[in-house]
Amino acid sequence: MIDIRHEAQKIDLEFMEYMGESEIPFCIIFTKADKISKVKIDSHIAAYKKQMIQNNWAEMPPYFVTSSTEGIGKDILLEYIDEVNQEVFKNESGF
């Protein structure tokens, strides 16, 4: 979970790099989207994409823009979590 109000932070990028190197699947959840403009949100996401490309990522992991106050992104994030859970269950059960 990353506060969208801030530009790409070194610690967040390092953690994502660790996850990638360790082959641990993850997604990025940008929070507090109700606190800044759509233009600023787009610019911060673009900065993360640029940083990840510079760090040799082929593509950015799945990401979601959310706000708990206004419910932004809630439904699509819950759908994603459900899909991941179903996939994990399917792989574990062999069905």
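Which residue's side chain meets that of lysine 35 in a salt bridge?

1. The partner is aspartate 34: the side chains of lysine 35 and aspartate 34 form a salt bridge, with N to O at 3.8 Å. This is a predicted model, and the distance is computed from it. Lysine 35 is partly exposed, at 49% relative accessible area. Aspartate 34 is also partly exposed, with a value of 22%. Aspartate 34 does not count as buried, because that word is kept for residues under 20%.

2. The structure has five salt bridges. Another of them links lysine 38 and aspartate 42, whose closest N and O atoms are 2.9 Å apart. These two residues are four positions apart in helix H2 (residues 38-54), so about one helical turn separates them. Lysine 38 is exposed, with a relative accessible area of 58%, while aspartate 42 is partly exposed at 38%.

3. A further salt bridge joins the side chains of glutamate 87 and lysine 90, at 3.8 Å from N to O. Both residues belong to helix H3 and are three residues apart, which is about one turn of the helix. Glutamate 87 is partly exposed, with a relative accessible area of 38%. Lysine 90 is partly exposed as well, at 40%.

4. The model also has a negative surface patch, made up of Asp75, Glu79, Asp82 and Glu83. One of these residues, glutamate 79, lies in helix H3, which covers residues 74-93.

Terms used: Residues numbered from 1 in each chain as written. Predicted model: local features only at pLDDT ≥ 70, side-chain atom pairs only at ≥ 80, totals over all residues. Heavy atoms only, no water. Patch = residues over 30% accessible without salt bridge, like charges linked within 9 Å, V, L, I, M, F, W, Y side chains within 5 Å. Areas by Shrake-Rupley, 256 points an atom, 1.4 Å probe, with all protein chains shown as cover. Salt bridge = Lys/Arg side-chain N within 4 Å of Asp/Glu carboxyl O. Lys, Arg positive; Asp, Glu negative; His and termini not counted. Charge placed at Lys NZ, Arg CZ, Asp CG, Glu CD. Buried < 20%, exposed > 50% of the residue type's maximum accessible area, 1.4 Å probe, protein only.
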